[in-house]
Every structure is written in C-alpha cells, then in structure tokens.
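Subject: Structure for you to look at

Hello,

Here is the structure I promised you. Please open it first, then read my notes below with the model beside you.

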Amino acid sequence: MKSEHSNRCPVCRGYKSMSDTTFTVDLGFGVVVVRHVPAEVCEQCGAEWIDDATSKNLEEIVTYARSKHSIVEISEYSTLSKSKMAS
Ligand SMILES: [Zn+2]
C-alpha cells in the first residue's frame with residue numbers, strides 16, 4: 001500500500017500550508033539571503049519544506065554568490081527565476 005502524501009507536519013502534527021520563506025546560507029566569508037522563496041510552512045511550529053526544483057535554484061544562487069565572493073548577497077526569488085528564463 002502506498003501511503004498518500006501527508007499534509008500534516010511530521011514534527012508537531014500541525015497543518016502545512018503553501019507560503020514563502022526567507023532562505024539564508026552562511027558561506028563563512030559572507031551570507032546569502034533569498035527572500036520570498038516558495039515553501040510549505042507548518043502553521044503550528046513554523047517548520048519549512050522547500051521542494052527539489054526550488055532548492056536546486058537556491059543552490060545555483062549560492063554557487064554564484066560564492067564565485068563572486070560577495071559579503072552579503074540579497075536576492076528576491078521571483079526576480080531570479082524570471083531573469084533566468086530570459087537568458
Ligand atoms: Zn509543525
């Protein structure tokens with residue numbers, strides 16, 4: 001039997017809903033901040049889940065920031081995905 005995708009939080013059993021979050025990574029020499037990243041967020045405890053496609057995009061942003069060696073890189077997720085489509 002295949003278990004169906006649960007809409008409940010595995011941490012606290014609260015309900016998850018589609019929202020957005022701020023993604024931050026500390027690179028050591030600097031930080032990367034990406035705002036308005038689409039994510040499932042638990043309404044009760046605030047735990048977040050980012051899907052594979054989104055986390056792949058975030059990885060590219062981190063790689064880019066690392067190559068630039070920027071101390072602080074702040075991005076809007078929606079702007080980034082749009083500009084990527086154009087190029
Ligand atoms: Zn929860």
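**What I found**

In the hairpin of β2 and β3, 5 residues lie between the strands, and Gly 46 takes a positive phi near 80 degrees. Strands pair here if DSSP finds at least two bridges between them. Strands (E, at least two residues) and helices (H or I, at least four) are DSSP runs, numbered from the N terminus.

Some ground rules come next. This is a predicted model, and residues are numbered from 1 along each chain as its sequence is written. Local features need pLDDT of at least 70, side-chain atom pairs count only at pLDDT 80 or more, and totals for chains, interfaces and linings use all residues.

**Confidence**

pLDDT is the predictor's confidence in each residue, from 0 to 100. The mean pLDDT of the protein is 88. Of its residues, 86% reach 70 or more. Which element has the lowest mean pLDDT? Helix α2 (residues 77-86) does, at 68, while β2 has the highest, at 96. Where pLDDT is low, the predicted coordinates should not be read in detail.

**Layout**

The protein has 2 helices and 4 strands. From the N terminus on, the elements run β-β-β-α-β-α. Helix α1 (52-68) has 17 residues, which should span 24 Å at 1.5 Å a residue. The expected span is 1.5 Å times one less than the number of residues. The end C-alpha atoms of α1 are 25 Å apart, which agrees. Just after α1, His 69 takes a positive phi of about 55 degrees.

Start with β2 (residues 31-42).

- β1 and β2 pair in the antiparallel sense over 10 bridges. Phe 23 stands opposite Val 34 in β2. The bridge partner of Asp 20 in β2 is Pro 38.
- β1 and β2 also form a hairpin, with 4 residues between them. Gly 28 in that turn has a positive phi of about 95 degrees.
- β2 and β3 run antiparallel, joined by 2 bridges. Glu 40 has Trp 49 in β3 as its bridge partner.
- β2 and β4 (residues 72-76) run parallel, joined by 5 bridges. Val 31 stands opposite Val 72 in β4.

A residue is buried if 20 or more other C-beta atoms lie within 10 Å of its own, exposed if 12 or fewer, and partly exposed in between; C-beta atoms are placed from the backbone. Of the 87 residues of the protein, 10% count as buried.

A nonpolar core is a set of buried Ala, Val, Leu, Ile, Met, Phe, Trp, Tyr and Cys residues joined through C-beta atoms within 7 Å. Which residues make up the largest nonpolar core? There are 8 in all: Phe 23, Val 32, Val 34, Val 37, Ala 39, Ile 61, Ala 65 and Tyr 77. β2 and α1 are the elements that give two or more residues to this core. β2 gives the most, with 4 residues. In soluble globular proteins, nonpolar side chains tend to be buried together.

Two residues are in contact if their C-beta atoms, placed from the backbone, lie within 7 Å. Why does Val 32 count as buried? Val 32 is buried because 21 other C-beta atoms lie within 10 Å. Leaving out residues up to four places away in sequence, Val 32 touches Thr 24, Val 25, Leu 27, Ile 61, Val 62, Ala 65 and Glu 73. With the same exclusion, Val 34 touches Phe 23, Leu 58, Ile 61, Ser 75 and Tyr 77.

Gln 44 is in the loop between β2 and β3 (48-49). Gln 44 is partly exposed, with 14 other C-beta atoms within 10 Å. Beyond its neighbours within four places in sequence, Gln 44 is in contact with Cys 9, Cys 12 and Gly 14.

Is Arg 13 buried or exposed? Arg 13 counts as exposed, because it has 11 C-beta neighbours inside 10 Å. Arg 13 lies in the segment before β1 (16-26). Its phi is positive, about 70 degrees, although Arg 13 is not a glycine.

His 36, in strand β2, has a positive phi of about 55 degrees and is not a glycine either. His 36 counts as partly exposed, with 16 C-beta neighbours inside 10 Å.

Best wishes
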